[in-house]
Amino acid sequence: MVRCTAIKMITEQSVQNKHLILIIGIGNPYRGDDGVGLRIAQDIKKKSPDHVNVIEQSGEGISLMDSWKDSDIVILIDAVHSGAQPGTIHRFDVHTQTIPTKFFHYSTHAFGIAEAIELARALKQLPQNLIVYGIEGKCFEAGTGLSPAVEKAAQEVLTRVRHYIQNVLPRKDTEYHEI
Amino acid sequence: MKSRTIKVDYLARVEGEGALYVKIKDNTVVDIKFKIFEPPRFFEAFLRGRTYNEAPDITARICGICPIAYQMSSVHAMEDAFGVAVDGQLRALRRLIYCGEWIESHVLHVYMLHAPDFLGYPDAIQMAKDHPDIVQRGLQLKKAGNDLVALLGGREIHPINVRVGGFYKVPTRQELAPVAEKLKWARDAALETVRWTATLHFPDFEQDYEFVALRHPEEYPFNEGRLVSNKGLDISVHDYDNHFIEEHVQHSNALHSVQKGRGSYFVGPLARYNLNFDKLSPLAQETARSVGLSNVCRNPFQSIIIRSVEVLYACDEALRIIEQYEKPDKPALEIKPHAAVGYGCTEAPRGILYHRYRIDDEGVILDAQIVPPTSQNQKTIENDLWQFIPQHIKLPNDQLTLQCEQAIRNYDPCISCATHFLKLTIDRV
């Protein structure tokens, strides 16, 4: 699917950047399903092309704002707890949607992802394209490993993000597949 | 008879999640419970059977805001066990990385979490709409701390460069130079921050606290010193367990830490400042005095000014260390593990963080004890609420709730350190 609306035109300057896409995995590997964002980021990193930069973060909002400030396309992946079925994949296009602040409160940070996005919006510092994947977790207790439903969702998000990466090449024409 | 309950499901703008329960009958407070649900026991159990050199990276995961504090307390405990003293430039680099963590943690709290309370905004996002320049200053100032931690720690979040005996890699003077440039700006911004926070309006509120902090003969404390208080405590970190005890309370899974036979105590920026004012840099002392602070501050609402003074000190101290820096020959001292018990206590942004480890001859951890600062302040926070709520009891529920939240935020409680998920509930019945 060709997308020209939510994903804005990529500037010539950004195309020349080595890292066109920034992928941020968020979470704590010692808190069960909270580690799903980190796991996906690590898997993407294993086979990521040159135009993709993959980083891991704890979810502290100000650091997030800083890490995405030089990137035009940002994909953020984290666990969420909204009451939906474990393994549900939520997807937000930040330029067209507001993220409920309680959505990501399991990140444990008072100034977390939702706050960082809204503060960046207030200060006009949002990246040109910012997509957030939230994977509904089941268990956030101390421990390692993912619940089966979350593991399955992680594979699905991994496939979607890899597909996107493969279809956004550092080139000057501006047609991109939806993430 | 009239009774009311205040309920707040989530305590906003504290790290983690908190639960507060207040019960009021006939304008009298009859019950207050500040709840924390889960102690860091998982990490203590998780450390058993791991080797001594894994402790810094594992414990750093307890908190995304103060990982350096966990790394510092763990490496000092291990070095204490094995009889190693890290000194010279390696010791200075440890102070330097701790400066970075104080800057980022304090600035986050001052600008994003605490200031909206005083300026009447529900959060920093709303505050940014009216005061974009102030919020931008906070963001840039925090960045100076982030850069320092990223350079010395290998990366900003969950740094990986700290090890028992020193570091895996140490910077050159040239690598530190650009950070120093940013710190010069940060020092000016910190000075402005002190002046700005001092203009806020503070409730008149003081108690007869026992402040506890590290004290070192030559410097404002980060990693070393004796544990002292304003009421006569003066002990080695080795004696911590003889003087402090963690008590289980029914409404909280986190243990309340108390001084044996003496009760609650107060740790964090106010305690450090009150017990170590004379060790602040001349610029930090002079600035504190210029905004009307004396060398003792007992009002926890004014902790926002004291945090700002500590940010100023951390910038000043970081610049001093960088100016005198010479790259050490080796990034770390050699460690030869043997069976021993080691104790470490350092000044996390929120106060003293105690670690104790028992190690076997192979360097394997047999048991671990971790006491985070928020566990230690928990009882004092409850005590504050017992005093504070009666003074404001006539306020409507929503306003009283906000005031209670603000009183809790005075302590910058890092509930993700003390526990992980803490629900906050204020009830009026």
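Gly154(B) follows helix H6 of chain B, and its phi is positive, near 90 degrees. The model is predicted.

**Helix H6 of chain B**

H6(B) covers residues 132-153, 22 residues in total. At 1.5 Å a residue it should span 32 Å, and its end C-alpha atoms are 31 Å apart, so the two values agree.

H6(B) packs against helix H4 (residues 88-119) of chain B. The angle is about 155 degrees, and the axes lie 8 Å apart. Angles over 145 degrees count as roughly antiparallel, and H4(B) and H6(B) are therefore roughly antiparallel to each other. Their crossing is left-handed.

H4(B) contributes residues including Leu93(B), Leu96(B), Ile97(B), Val107(B), Leu108(B) and Met112(B) to the contact. Glu101(B) and Glu104(B) also take part from H4(B). On the H6(B) side, the residues include Val135(B), Leu141(B), Lys142(B), Leu148(B), Val149(B) and Leu152(B). Gly138(B), Gly145(B) and Gly153(B) are also among the H6(B) residues in the contact. The contact residues divide into 15 nonpolar, 5 polar and 3 charged.

**Helices H2 and H5 of chain A**

Chain A holds another helix pair: H2 (residues 36-46) and H5 (residues 148-167). They pack at about 40 degrees, with axes 10 Å apart. That angle makes H2(A) oblique to H5(A). The crossing is right-handed.

From H2(A), the contact uses Val36(A), Arg39(A), Ile40(A), Asp43(A) and Ile44(A). From H5(A) come Val150(A), Ala154(A), Val157(A), Leu158(A), Val161(A) and Arg162(A). The division here is 8 nonpolar, no polar and 3 charged.

| Helix pair | Angle | Axis separation |
|---|---|---|
| H4(B) and H6(B) | about 155 degrees | 8 Å |
| H2(A) and H5(A) | about 40 degrees | 10 Å |

**The sheet of chain B**

In chain B, 3 strands form an open sheet in the order S6-S7-S8. The pairing is antiparallel. Strands of a sheet pair through backbone hydrogen bonds.

S6 (212-215) and S8 (234-235) of chain B stand at the edges. Each has a single partner strand, so one side of each is left without a neighbour in the sheet.

S6(B) is joined to S7 (residues 226-229) of chain B by 4 bridges. Arg215(B) stands opposite Arg226(B) in S7(B).

Helix H9 (residues 269-276) of chain B packs on this sheet. H9(B) touches S6 and S7 of chain B, and its direction makes about 50 degrees with that of S6(B).

Conventions
Residues numbered from 1 in each chain as written. Chains lettered and ligands numbered in written order. Predicted model: local features only at pLDDT ≥ 70, side-chain atom pairs only at ≥ 80, totals over all residues. Axes fitted to C-alpha atoms, helices over the stretch in contact; angles between N-to-C directions. Helix = DSSP H or I, 4+ residues; strand = E, 2+ residues; numbered from the N terminus. Parallel < 35°, antiparallel > 145°, perpendicular 65-115°, else oblique. Left-handed = near helix turned anticlockwise from the far one by under 90°. Contact = placed C-beta atoms within 7 Å. Nonpolar A, V, L, I, M, F, W, Y, C, P; charged D, E, K, R; others polar. Pairing = 2+ DSSP bridges. Expected span 1.5 Å × (residues − 1).
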